[in-house]
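Me: I have not looked at this model before. Please take me through the terms used for it, and set each value against its definition.

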Amino acid sequence: MRLNPTNLGCWFAGFGAYFGLAMMLAWFTPYLIEGLGIEQGLAGKLTALPFIVSSIVVVGGSWLSQRLTRAGIGSRMARGVLSGTSISLGGIALLLTPYARSAALKIALIVAGTTPPSIIYTLAPLIIGEIVPSAQRGAVLSINNAVATSAGIIAPLLIGNVIEGASSVALGYSDGFVICGAVTLAGGIMALILLNSEKQKLIYAARLQAQPA
C-alpha cells in the first residue's frame, strides 16, 4: 500500500516542492542582499512576497481542483496533473533564474519557482485519501510528510555548500538555483507520471475480486 505508484508520486512531488521552499526560506533574503545588492530593509519586505503569493496559489489551486472535480474531470487530471504541472513549471522558473538580466525578473522567477509547487501541500492528502483505507491513512500521511519535509534539511545544507564553494557569490547562487530547479522539475515530472489514484483504485478492486472467498 505505501509503495504504490501514486503514493510514491506524492513523495517525489512533496520533496520537489519542499526543496524549493526550504531554499527560499534559508537563502532568499541573503540572495537579495548579497547577490542582488538590495538594501536590507527592502530585502526584508520582499521576503514576504513569496508567502503572500503562495497563500493565493494554494487557495486558488484548491478551488480550481474542486471546480474541475465538480465538472466531472477525473482525479488524475484535477489533482495529479494539476499538481505535477504546477511543480514542473516551478522547477523551470528556478532553472531560468540565473539567466534573467534584471533583478526584478530574477525575483519574479524565484517567486514563480517556489509558489506554484505549494499546491501539492493541499492536494496530496486528498490524493492519498482516495486510495488508502482510513485505518492506514494517518500513518501514510505521516510518512509522506516526513519524506517531503526531509528536503528542509537537505536543501539549505546543499545550497549553502554550493554557495560557499563557488568562485564568486553570484556564481554560487546561480548554481544553487539550477540545482534547486532541477530537483523541483524532477519532482514535478515524477508526479505527472505516477499520480493516478483512479488507476490505483481499479488495481486494488481487481485484486480484491481475485481473492478467494
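Me: What makes up the secondary structure of the protein chain?
Reply: The protein chain has ten helices and zero strands. Helices (H or I, at least four residues) and strands (E, at least two) are DSSP runs, numbered from the N terminus. From that end, the order of elements is α-α-α-α-α-α-α-α-α-α. The model is predicted, so local features need pLDDT of at least 70 and side-chain atom pairs pLDDT 80 or more, while totals for chains, interfaces and linings use all residues. Residues are numbered from 1 along each chain as its sequence is written, and side-chain values use heavy atoms, with hydrogens and water left out.

Me: How do you know whether the radius of gyration of the protein chain agrees with that of a compact globule?
Reply: The radius is taken over C-alpha atoms, and the globule rule is 2.2 Å times the number of residues to the power 0.38. For 213 residues a compact globule would be near 17 Å; the protein chain has 19 Å, so the two agree. Along its principal axes, the C-alpha trace spans about 70 × 35 × 25 Å.

Me: Why is G129 called partly exposed?
Reply: Buried means under 20% relative accessible area, exposed over 50%, and partly exposed in between (1.4 Å probe, protein chains only). G129 has a relative accessible area of 25%, so the residue is partly exposed. G129 sits in helix α6 (residues 120-131). Its C-alpha is 8.7 Å from that of L141, twelve residues apart in sequence.

Me: What makes G138 partly exposed?
Reply: The relative accessible area of G138 is 44%, and therefore G138 is partly exposed. Helix α7 (residues 134-149) holds G138. Between G138 and P116 there are 26 Å from C-alpha to C-alpha, and they are 22 residues apart in sequence.

Me: Why does S168 get the term partly exposed?
Reply: S168 has a relative accessible area of 33%, so S168 is partly exposed. Its place is the loop between α8 and α9. S168 and L68 are 100 residues apart in sequence, and their C-alpha atoms are 47 Å apart.

Me: How much of the protein chain is buried?
Reply: Buried residues account for 41% of the 213 residues.

Me: What makes a set of residues a nonpolar core, and which residues have the most contacts inside the largest one?
Reply: A nonpolar core is a set of buried Ala, Val, Leu, Ile, Met, Phe, Trp, Tyr and Cys residues joined through side-chain atoms within 4.5 Å. The largest has 21 residues, and F28, L32, I107 and F177 have the most contacts inside it. Two or more residues each come from α1 (5-35), α5 (103-114), α8 (151-165) and α9 (169-194). The most come from α1, which gives eight residues. Apart from this core lies another, of 13 residues, among them A17, I120, I128 and L195.

Me: Which residues is L32 in contact with, leaving aside its neighbours within four places in sequence?
Reply: Contact means heavy atoms within 4.5 Å. By that cut-off, L32 is in contact with G37, I38, A43, L46, T47 and I107. Among contacts in the protein chain between residues at least 6 apart in sequence, 78% join residues at least 24 apart.
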